[in-house]
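Thanks for coming, everyone. Let me put the structure up, and then we'll walk through the ligand site and the core.

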Amino acid sequence: MWSDAAVGVMPVDLVDVYRKRASRHWLNRMLRLLSPPAPFIMNPGEPKDFPLGRWNLYIGGAGRRVDGYVNIDLFAVSGVDVATDAELLPFRGDLFQRIECDAVLEHVRDPQRVMSEMCRVLAPGGYLHIVTPFCHPFHEYPRDFRRFTIDGLELLAGPMQVVAAGWRTGPTATLLVVAIEYVKLLLPFRIWRAFAHVVCGWLLFPLRYLDLLLLRSPEARRIGNHCYIWLRKRG
Ligand SMILES: C[S@@+](CC[C@H](N)C(=O)[O-])C[C@H]1O[C@@H](n2cnc3c(N)ncnc32)[C@H](O)[C@@H]1O
């Protein structure tokens, strides 16, 4: 069960965050309209086309529908099919043909345990896709415990076969997300920070395309933003 007593810090109220994101209030609608393009692009070389099966699992998709997947999250908010902790999945073994775990492992208390759970419910021959941050600002969903390298993900993989691994978002993404956070840090009021987020986001986003070049270099790993790994459960 999720409990923060052990750490003694109040977690972010994610239910409120997701409610605001879906809100039709004019202020929230305006903020959504003004919101700049993401300061990163996805690596076009990241493989995507591993087969889906009858049952597929998406971990951590609160606030949106994920077609073709059973969507689980800690919180029973819109889009979530089963509210549960990924450390104890309420499914029988060998069920899912594909599992997506995108930007979640940094938020769980025990990634090794989540990994064994994902391995347990994955069908033999099924695919598990994990994406994790390496150089990325602190972000609480509802907590933020750690960062990962590709080597670290391979170590976590245990008995599963590594099919592919690499960088999803590159060094420019790191630079831009940190620059935006840095500017916000200089500003005392929340409304100023929201404004800076919009202005910096619009000014800086064209630079994101530099990653199309930089992601070709193996040295991108020094300050890469998010890395991915595709694993296959041996049949
Ligand atoms: C950063 S968001 C990722 C959202 C989505 N995958 C994406 O890439 O846009 C992390 C999500 O994981 C969920 N989460 C965190 N810890 C979890 C856990 N132990 N079990 C299930 N979900 C968890 C959070 O509630 C949050 O919705």
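Start with the shell around the ligand. By class, it holds 11 nonpolar, 3 polar and 4 charged residues. Keep in mind that this is a predicted model.

Which residues come nearest to the ligand? Of the 18 around it, they are Y18, D73, D85, A86 and D102.

Now look at the backbone. A polar backbone atom of D102 sits 2.8 Å from a nitrogen atom of the ligand. For A86, a backbone N or O atom is 2.9 Å from a ligand nitrogen. How much of the ligand's accessible area does the protein cover? On its own, the ligand has 600 Å², and the protein covers 89% of that.

Next, the core. The largest nonpolar core has 32 residues. Those with the most contacts inside it are L57, I99, M115, M118, L128 and I130. The strands β1, β2, β4, β5 and β7 each supply at least two residues, and so do the helices α3 and α4. Which one gives the largest share? That is α3, with 5 residues.

Let's zoom in on M115. Set aside its neighbours within four places in sequence. M115 is then in contact with L128, I130, L156, A157, M160 and L231. Two names in that list, L128 and I130, are also among the core residues with the most contacts.

That's the tour. Questions, please.

Key:
Residues are numbered from 1 along each chain as its sequence is written. This is a predicted model: local features need pLDDT of at least 70, side-chain atom pairs count only at pLDDT 80 or more; totals for chains, interfaces and linings use all residues. Side-chain values use heavy atoms; hydrogens and water are left out. A nonpolar core is a set of buried Ala, Val, Leu, Ile, Met, Phe, Trp, Tyr and Cys residues joined through side-chain atoms within 4.5 Å. Buried means under 20% relative accessible area, exposed over 50%, partly exposed in between (1.4 Å probe, protein chains only). Helices (H or I, at least four residues) and strands (E, at least two) are DSSP runs, numbered from the N terminus. Contact means heavy atoms within 4.5 Å. A residue is near a molecule or strand if one of its heavy atoms lies within 4 Å of it. A polar contact is a pair of N or O atoms within 3.5 Å; within protein, one must be able to donate a hydrogen and the other to accept it, and residues adjacent in sequence count only if both atoms are side-chain atoms. Accessible areas come from the Shrake-Rupley method with a 1.4 Å probe; for residues, only the protein chains shown count as cover. Ala, Val, Leu, Ile, Met, Phe, Trp, Tyr, Cys and Pro count as nonpolar, Asp, Glu, Lys and Arg as charged, and the others, Gly among them, as polar.
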